[in-house]
Amino acid sequence: MTKTLNTSSSIGSFVDLITISIVFIFILLLAFFFTRWLGKTQANLGKNKNIQVLEIYRISQTKLIEIVKIGNKYIAVGVSKDNMEFLCELDKDDIVFPAETMNTSSFQDIFYKLKNNAEKEK
């Protein structure tokens, strides 16, 4: 009789382990797909054409100055924890834009350049 109880309790423990593993994997998959969906939703919210934050400069831990393009106007705003205040309007000529052409070399190209430079130094 004790063998039957031990066998059934070990089978029950094994079934519990499998059930918990399946539930855990299901929760992981659910979290994965939810975060992907949330990331896509947030990315679509940032694709506004009329409002763009061009630059942010941190003055202190809770205070920022931002250069914002709204339509065709450029403005500077001060942002703090609880407040946002208009500072001034800027001319397009006053703003220094980053270079339009960025170096889009692949990691492999950069790696080979560094490797060749290291070999030349030897």
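Here is a short tour of this predicted model, stop by stop.

Before you click, some ground rules: residues are numbered from 1 along each chain as its sequence is written. Local features need pLDDT of at least 70, side-chain atom pairs count only at pLDDT 80 or more, totals for chains, interfaces and linings use all residues, and side-chain values use heavy atoms, with hydrogens and water left out.

**Whole chain.** Start with a cartoon view. You'll find two helices and four strands, running α-β-β-β-β-α from the N terminus on. Helices (H or I, at least four residues) and strands (E, at least two) are DSSP runs, numbered from the N terminus. Now show the surface: the chain exposes about 11,400 Å², and carbon and sulfur atoms supply 62% of it. Accessible areas come from the Shrake-Rupley method with a 1.4 Å probe; for residues, only the protein chains shown count as cover. Of the 122 residues, 10% are buried. Buried means under 20% relative accessible area, exposed over 50%, and partly exposed in between.

Select Ile11, Phe14, Val15, Leu17, Ile18 and Ile22, which make a nonpolar surface patch of about 580 Å². Patch residues have over 30% relative accessible area and no salt bridge; nonpolar side chains (Val, Leu, Ile, Met, Phe, Trp, Tyr) are joined within 5 Å and like charges within 9 Å. A salt bridge is a side-chain nitrogen of Lys or Arg within 4 Å of a carboxyl oxygen of Asp or Glu. Zoom in on Ile18, which sits in helix H1 (residues 2–45). Ile18 counts as partly exposed because its relative accessible area is 37%.

**Strand S2.** Next, pick Ile70 in strand S2 (residues 64–70). Its C-alpha atom is 4.7 Å from that of Ile51, 19 residues apart along the chain. Beyond its neighbours within four places in sequence, Ile70 is in contact (heavy atoms within 4.5 Å) with Asn50 and Ile75.

Stay in S2 and click Glu66. Is Glu66 buried or exposed? Glu66 is buried yet has no salt bridge, and the nearest side chain of opposite charge, Arg58, is 8.5 Å away. Lys and Arg count as positive and Asp and Glu as negative; His and the chain ends are not counted.

**Last stop.** Select Glu89, Asp91, Asp93 and Asp94, a surface patch of negative charge. Each charge is placed at NZ of Lys, CZ of Arg, CG of Asp or CD of Glu. Asp94 lies in the loop between strand S4 (84–90) and helix H2 (107–121). Asp94 counts as exposed because its relative accessibility is 54%.

Technical notes: Buried < 20%, exposed > 50% of the residue type's maximum accessible area, 1.4 Å probe, protein only.
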